[in-house]
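Work through the following exercises with the model open beside you, and try each task before reading its solution.

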Amino acid sequence: GESAFQCCYKLTEITIPDSVKIINELTFNFCSNLEKVTIGKSVESIGESAFQCCYKLTEITIPDSVETIGIQAFSTCSKLKNITIPDSVKEIKPYAFGGCTNLEKVTIGKSVETIGNYAFEVCEKLKDVTIPKSVEWLGIRAFTKREKLTSITFEDPSGWYVVNSKDAWENKTGGTSVDFSDPRANVSTLNSADSSSRFFKLTSE
């Protein structure tokens, strides 16, 4: 349940069995010596702050049963270097990987539709990112303000708009057209966006 193993400082490794469907919020929060996690193949949701502040976590595999990665789920896992988000995931919620300061590579699954506000903020070693064509909503400063980030590639760069209203973002209304065709220029475009700018993509039905 919620906070089940929170602040278990001596925990170094955990295997979550296949019978588990939900990792609740704060479940392993502040397990500061946790190094390795194996997540069972039936888990559908990783809850808010579930692994937040697991400072020594270096290895985790997210199974292709997971659909949602919660708010701050892996925030400040500062030794995590690589993460693969499987094709089953549809939403990466705000701050999900924020503060993962050693994260070098992210592979975003081909079913992700929403990348939330600040999802990868303060990922200081992230150099390049590919946004799959499935993504339709990109939140506030999801990847911005990273000195080493040189390339953001959109698999489908057309049909994007920027808005400053959450309602307009969620309902895909109004906005100003944005050109995301140049991976290097995309970094500047996102960096120069103000603190309320959200992006959405209009798709043909």
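**Exercise 1: Charges over rings**

Find the ring over which the charged end of Arg198 sits, and do likewise for Lys172.

Solution. The charged end of Arg198 sits over the ring of Trp169, at 5.9 Å from the ring centre. The charged end of Lys172 sits over the ring of Trp137, and here the distance to the ring centre is 4.5 Å. The criterion applied is that NZ of Lys or CZ of Arg lies within 6 Å of the ring centre and within 35 degrees of the ring normal. Please keep in mind that the model is predicted, that local features need pLDDT of at least 70 and side-chain atom pairs pLDDT 80 or more, whereas totals for chains, interfaces and linings use all residues. Residues are numbered from 1 along each chain as its sequence is written, and side-chain values use heavy atoms, with hydrogens and water left out.

**Exercise 2: Aromatic pairs**

Describe how the rings of Phe5 and Phe28 are arranged, and then those of Phe51 and Phe74.

Solution. Begin with the whole structure, in which a search finds 13 aromatic pairs; rings of Phe, Tyr and Trp (its six-membered ring) pair if their centres lie within 6.5 Å, and planes under 30 degrees apart count as stacked, over 60 as edge-to-face and the rest as tilted. The pair of Phe5 and Phe28 is stacked, because the ring centres are 5.2 Å apart and the planes meet at 5°. Since Phe5 lies in the segment before strand 1 and Phe28 in the loop between strand 2 and strand 3 (36-38), this pair ties together parts that are 23 residues apart in sequence; strands here are DSSP runs (E, at least two residues), numbered from the N terminus. Phe5 is partly exposed, with a relative accessible area of 35%, whereas Phe28 is buried at 3% (buried means under 20%, exposed over 50% and partly exposed in between, with a 1.4 Å probe and protein chains only).

Next, the rings of Phe51 and Phe74 have centres 5.2 Å apart and planes at 0°, so this pair is also stacked. Phe51 belongs to the loop between strand 4 (45-46) and strand 5 (59-61), and Phe74 to the loop between strand 6 (68-69) and strand 7 (82-84), 23 residues apart. Phe51 is buried, with a relative accessible area of 0%, and Phe74 is buried with a value of 0%. Finally, ring pairs link Phe5, Phe28, Phe51, Phe74, Phe97, Phe120 and Phe143 into a cluster.

**Exercise 3: The open sheet**

State the strand order of the open sheet, and name the bridge partner of Ile115 in strand 12.

Solution. The nine strands run in the order 2-4-6-8-10-12-16-14-15, with mixed pairing, where two strands pair if DSSP finds at least two bridges between them. The edges are strand 2 (22-23) and strand 15 (176-178), each of which pairs on one side only. Within the sheet, strand 10 (residues 114-115) and strand 12 (residues 137-138) pair in the parallel sense over two bridges, and the partner of Ile115 is Leu138.

**Exercise 4: Residue classes in two linings**

Sort the lining residues of the largest pocket and of the second largest pocket by class.

Solution. Ala, Val, Leu, Ile, Met, Phe, Trp, Tyr, Cys and Pro count as nonpolar, Asp, Glu, Lys and Arg as charged, and the others, Gly among them, as polar. A pocket is an open set of points on a 1 Å grid over the protein atoms alone, where a 1.4 Å probe fits, with protein on both sides within 12 Å along at least five of seven lines, and lining residues have an atom within 4 Å of a point. The lining of the largest pocket divides into six nonpolar, four polar and five charged residues. For the second largest pocket, the lining has nine nonpolar, four polar and no charged residues.

Key. Helix = DSSP H or I, 4+ residues; strand = E, 2+ residues; numbered from the N terminus.
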